[in-house]
Amino acid sequence: MSSPPTSDDDGGSRPDSDASSGSGSDSDPESRSLLPETRWQRDVILIFAMLFGIYALFALIGVALDFDTNGILNVLREITLFAAVYAMLVLALNLHWGYTGLFNIGVAGFMAVGVYTMAILTASPDATAPGFGLPLWVGIVGGMVMSALVGLVAALPALRLRADYLAIVTLGLSEIIRLTFQSMQFSNALEDTLGVATNGGSGMNFPGTRGVVQYAFYRGGDRTSEPTVLGDALFGLAESFDVLPLVVLGWGYNVVLGIGVIAFYVLLVRIANSPFGRVLKAIREDELVADSLGKNTNLFKIKVFMLGCALMGLAGILWQGQTGYTSPHEFRPELTFYVFIALIIGGAGSNTGSVIGGLVFGTLLFQGPLYVPRLLQEGLAVAGVELGTPPNTFYDAVLPLGSLDLLPMLAYATASTNVSYLRFVLLGVVLILVVQRRPEGLLGHRVETAAAVDLSNRSRSTATDGGNPESTSPVDEHDQESTGGHSARTADDGHGLSAVRDDRDSSATNGGHDE
């Protein structure tokens, strides 16, 4: 059984593995005295500092590859898109795994449900894969609702399953969903009964969510129309730097994704600091104890599972909606494991860590390997070395290593057809290093009070010596030392497991009797 949770300073929580030993930031008075506003500002600075550092790195890559201004901006736009999408997915998964301990590895399936529902609702009735032709907002809401309902279907029979068994159920369901959308028989059945279709493995087109941005830049949302006041101003400014309007539109959609990340983050922080969130953490640590406190743990798990699945569906809609096309091949099982790797890197239970994990994964680990072949070729060209034609097989690439000839292996590893394998190798190395060196993730083992508000430096409003708030009786001091601060547990209102364990530890300290 894991140790009691200590809340993370962004609303998450983590096992208090090092708090009991008195090491780390727990014993740092300066860290404990940070107000919530200060912590929030520190997290924002940390996220933006890492973002701009990555921007600087990829801008240098663009300069090294001799990209023009539009090329560099497109590179930055693309990494921003993947960083935002993975940040939202990791936050949604953090609600399941980081908060409640639900081992859901069917993320790709719930994304597919949201995207395909949105596509069917909004696609034109005259399209190759016809839809209902409803407004975009109806498709987005419908996709989220359908993802939540599929999450309900998955949660009901899986209530008695934990850990690996729940993982197997969700993984199997994800593959069933993907293969169903890939089936032409399913598409034909939909067309015969409802007049809509998914077009099987060929995928389907639908009105993309990027159209929302076009309404901000063009009158009526039509790119052939006159630009709006905002569009005219931005296009004029971009033209002075030789930036194309299409690049401006791409960055406008990134702003929408950024708003989505902020909304996900705020929602999860609010959940974490609520009584509902503290029950989730109690379920994660010891469901039996949470149930003994009178909490309907099954109902809580169903609610949080449905909410997380709805957020995954929304993240999928924003991701696939930027192209206006989707296919079942986009929702293969490795997508789920990508999201889990990002969560492990950032730190499970930490919302800020989830954002940073998605940022690091989506930029450095997912998009970064795409630029390695060209960087290597440019670097060797400067040194006057040619890689030559890549070998056809791995054996042909390894054989020259016996004579210390590295070029065939480099040519094979960086060939355009092998970049995806290079990405897998890089992910494996990073995952091993993280698990060995920092298993709690980049932002694991951070400290916040267990209550929804910071009570660490708050003086007692009512004293026992006649009302002087600065004076505290010896009995009060002893109570605070032996129980770890009863006021913080009172704010928890019995919803967190830490309150139960603190009382149990206090009883043991006092010889089994309350003072």
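What share of the contacts in the protein chain with a separation of 6 or more comes from residues 24 or more positions apart? I looked it up: 72%. Contact here means heavy atoms within 4.5 Å.

**Ground rules.** I am reading a predicted model, where local features need pLDDT of at least 70, side-chain atom pairs count only at pLDDT 80 or more, and totals for chains, interfaces and linings use all residues. Residues are numbered from 1 along each chain as its sequence is written, and side-chain values use heavy atoms, with hydrogens and water left out.

**Whole chain.** I found 22 helices and four strands in the protein chain. These are DSSP runs numbered from the N terminus: helices are H or I with at least four residues, strands are E with at least two. Of the 515 residues, 48% are buried (under 20% relative accessible area, 1.4 Å probe, protein chains only).

**H10 and H13.** I checked helix H10 (residues 245-272) against helix H13 (residues 297-320): the angle is about 170 degrees and the axes are 11 Å apart. Axes are lines fitted to C-alpha atoms over the stretch in contact, and angles run from 0 to 180 degrees between N-to-C directions. So H10 is roughly antiparallel to H13 (over 145 degrees). On H10, the contact includes Tyr253 and Phe264; on H13, Leu307 and Ala315 are among the residues.

**Rings.** I noted 22 aromatic pairs in the structure. Rings of Phe, Tyr and Trp (its six-membered ring) pair if their centres lie within 6.5 Å. One cluster links Phe82, Tyr86, Tyr338, Phe361, Phe366 and Phe424.

Technical notes:
Parallel < 35°, antiparallel > 145°, perpendicular 65-115°, else oblique. Phe/Tyr/Trp six-rings, centres within 6.5 Å; stacked < 30°, edge-to-face > 60°. Buried < 20%, exposed > 50% of the residue type's maximum accessible area, 1.4 Å probe, protein only.
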